[in-house]
Amino acid sequence: MTQNPWDRQSTTSGPQQPPPGPSPQPAGGPSAPQHGVSAPAEDQRLPKFAIPAADTLWWVGVHGGAGETTMSLLLPGSRAANHRWPIPPPPVPTPVVLVARTHGSGLRAAQRAAVEWASGVVQGVAVLGLVLIADAPGRLPRVLDDFADIVGGGVPRVWDIPWIEEWRRGEAPTPENTPDEVFEVLESIYALRAANPADYPAPY
């Protein structure tokens, strides 16, 4: 994977010792499929498509308008999966980050995708976590905030992206219109992607 252009480093002249990269965020939830989890009905599952190798990070938007394309623009070298599971040949799984909005339907879609992965029916992906992108400015209503906590408990990690008015107006994401919270998310995910994908359990 190419160097992370969002990594904020000093640009002063002269020889410098490169700063250490961020440590991968430890998993707070399950990091592999679990026994006893029932898969959603066929019509509630995300479609799949074949990829030639597990050679990049994929963003899987779990519903329309989730923001997976925006996330792929933020982290060059990664790709949007167009609301599908990217399935490589064995034995190495491909790293995947789920993406959803924080409205009720988005959180329900994220829950279905997390359950689908946890059931073991999606073979060949290593889900690193879930990115939740704010669907409106301001604080999330309590009922949605509580539901987001429940959904987040079914994946290894959760990252939050705040409401960004410039993006809503159609401006492409740039370092200038991207707040610090997003830099921190990107750095955390980049550190995970930089690790050997084989470190993540594969449900083969």
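Strands here are DSSP runs of E at least two residues long, numbered from the N terminus. The model is predicted.

**Stop 1: the cis peptide**

Select Pro 90 and Pro 91. The peptide bond that joins them is cis, with omega at about 10 degrees. Pro 91 belongs to the loop that lies between strand S4 (85-87) and S5.

**Stop 2: strand S5**

Move on to residues 94-101, which make up strand S5. Of its 8 residues, 7 are buried, so the strand is mostly covered by the under 20% cut-off on relative accessible area.

Select residues 58-61 for strand S2: S2 and S5 run parallel and are joined by 4 bridges. To find one of these contacts, pick Val 60, whose bridge partner in S5 is Leu 98. Then select residues 125-133 for strand S6, which is also parallel to S5 and is joined to S5 by 8 bridges. Here pick Pro 95, whose bridge partner in S6 is Ala 126.

Which helix does the chain pass through on its way from S5 to S6? Select residues 104-119: this is helix H2, and the β-α-β crossover made in this way is right-handed.

While side chains are displayed on the strands, bear in mind that in a regular strand they alternate between the two faces of the sheet.

**Stop 3: Phe 49 and its neighbours**

Select Phe 49 and Trp 58, both of which are buried. The model has 1 aromatic pair. Its rings are those of Phe 49 and Trp 58, with centres 5.5 Å apart and planes at 80 degrees, so the pair is edge-to-face. The angle settles this class because planes over 60 degrees apart count as edge-to-face.

What sits over the ring of Phe 49? The charged end of Arg 84 does, at 3.8 Å from the ring centre.

**Stop 4: two positive phi values**

Select Asn 82 next. Asn 82 is in the loop between strand S3 (79-80) and S4. Its phi is near 55 degrees, a positive value in a residue that is not glycine.

Finish at His 83, which is found in the loop between S3 and S4. His 83 is another residue other than glycine with a positive phi, near 60 degrees. Its relative accessibility is 29%, so His 83 counts as partly exposed.

Key: Residues numbered from 1 in each chain as written. Predicted model: local features only at pLDDT ≥ 70, side-chain atom pairs only at ≥ 80, totals over all residues. Heavy atoms only, no water. Buried < 20%, exposed > 50% of the residue type's maximum accessible area, 1.4 Å probe, protein only. Pairing = 2+ DSSP bridges. Right-handed = clockwise from strand over helix to strand, strands pointing away. Phe/Tyr/Trp six-rings, centres within 6.5 Å; stacked < 30°, edge-to-face > 60°. Lys NZ or Arg CZ within 6 Å of the ring centre and 35° of its normal.
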